[in-house]
Amino acid sequence: MKARVHIMLKSGVLDPQGEAVRHALGSLGFDGVNAVRQGKVIELDLAEGTDEATVNDMCERLLANTVIESYRVEIL
Amino acid sequence: MHAAIVVFPGSNCDRDLAVAFQRAGARVTMVWHKDTSMPAGVDIIGVPGGFSFGDYLRCGAIAANSPICQSVKAHADKGGYVLGVCNGFQILTETRVLPGTLLRNAGLKYICRPVPLTVTSADSVFTHGYTAGQTITVPIAHHDGNYHADAGTLEALAAEDRIAFRYGDNPNGSADDIAGILSQNRRVLGMMPHPERMAEPAHGGTDGAAMFSGLVRQLENA
């Protein structure tokens, strides 16, 4: 089985990389991009039967820094 | 005084930190990240700068989960002294020994230059060799030194006089100009600037030396 973890900076945490991407899109002529937030996606190949709680535990303990990041687990 | 310096794959300030401690009169033992315990009788643990594990996942995140970091955490939990510099500061926030975290620099650039720091609190074994309000010059060398914490944490750090150093001219977007913070018991210091790189005349300045001589003086008598 596979799981996909989406990690994003929490709202309210400044994302200077997202902001730089927004500026770059503007200079390419893409108008109307109000905001860009950049995150990461981690794909996990897991033993069959691994439950979502275990993946949440992985996020809490390593994959995400919950001081600044939120995460969402998708079991595929 | 006996200092242990933790070495991770990718550490690159471990030797500088060891030399700074030795010049101040400390005995230094290097400890490898796969070791599971500290040498007996260690007074202070140094967590050095560098790029532990290539900064993979997040700066300090992999190192924070290495075997030796359980010992660093245990040492801090029982009231031991710990100094984390640069990547060492990032590792101490990832282990939650210190609050908050270090984000990418607001200007997105890696910054490597001497910067003015204000000694905000002289009330610690790390900073008692300085006077509060004194300005010192110490180099920074980081890409992710933008200190971030929630409003409550920032208030508590200021109210409890736990901000050890502030930037004179904030180079990286850090909240409240924070360059270094102390733990609640004032025995753990994490800072982004490198005092060990400004510790002898050949470095171009010696403003960092007082931290190491002060530590040796205080911990010898402890």
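Analyst: A residue counts as buried when its relative accessible area is under 20%, and as exposed when that area is over 50%. Keep those cut-offs in mind. The model is predicted.

Start with Ser121(B). It lies in the loop between S6 and S7 of chain B. Strand S6 covers residues 111–119, and strand S7 covers 135–142. Is Ser121(B) buried or exposed? Its relative accessible area is 1%, so Ser121(B) is buried.

What does Ser121(B) touch, once neighbours within four places in sequence are left aside? The contacts are Thr127(B), Asp161(B), Ile163(B), Ala164(B), Leu182(B) and Arg186(B). Arg166(B) is 45 residues away from Ser121(B) along the chain, yet their C-alpha atoms are separated by 9.5 Å. There is also a local link. The side chain of Ser121(B) reaches the backbone nitrogen of Asp123(B), at 3.2 Å.

Now move along to Ser124(B). This serine is also found in the loop between S6 and S7 of chain B. Its relative accessibility is 8%, so Ser124(B) counts as buried too. Not counting residues up to four places away in sequence, Ser124(B) touches Leu182(B) and Arg186(B).

H3(B) spans residues 67–77, and its buried residues are Ile68(B), Cys69(B), Ser71(B), Val72(B), His75(B) and Ala76(B). They sit on the same side of H3(B), because they cover an arc of only 155° around the axis. Gln70(B) and Asp77(B), on the other side, are exposed. After the helix comes Gly79(B), with a positive phi near 95°.

Last, the partner chain. The contact takes 17 residues from chain A and 14 residues from chain B. About 1300 Å² is buried between the two chains, and carbon and sulfur atoms give 62% of that area. On the chain A side, Pro16(A), Leu62(A) and Asn65(A) lose the most area to chain B, together 37% of what that side buries.

Polar links cross the interface too. The rule finds six residue pairs in polar contact there, both residues at pLDDT 80 or more. It finds one salt bridge across the interface. The side chains of Arg58(B) and Glu69(A) meet in a salt bridge, at 3.7 Å from N to O. The side of chain A that touches chain B divides into 11 nonpolar, three polar and three charged residues.

Conventions. Residues are numbered from 1 along each chain as its sequence is written. Chains are lettered from A and ligands numbered from 1 in the order in which they are written. This is a predicted model: local features need pLDDT of at least 70, side-chain atom pairs count only at pLDDT 80 or more; totals for chains, interfaces and linings use all residues. Side-chain values use heavy atoms; hydrogens and water are left out. Buried means under 20% relative accessible area, exposed over 50%, partly exposed in between (1.4 Å probe, protein chains only). Helices (H or I, at least four residues) and strands (E, at least two) are DSSP runs, numbered from the N terminus. The arc is that of the directions from the helix axis to the C-beta atoms. Contact means heavy atoms within 4.5 Å. Buried area is the accessible area (1.4 Å probe) that two parts lose on being put together, summed over both. A salt bridge is a side-chain nitrogen of Lys or Arg within 4 Å of a carboxyl oxygen of Asp or Glu. A polar contact is a pair of N or O atoms within 3.5 Å; within protein, one must be able to donate a hydrogen and the other to accept it, and residues adjacent in sequence count only if both atoms are side-chain atoms. Ala, Val, Leu, Ile, Met, Phe, Trp, Tyr, Cys and Pro count as nonpolar, Asp, Glu, Lys and Arg as charged, and the others, Gly among them, as polar.
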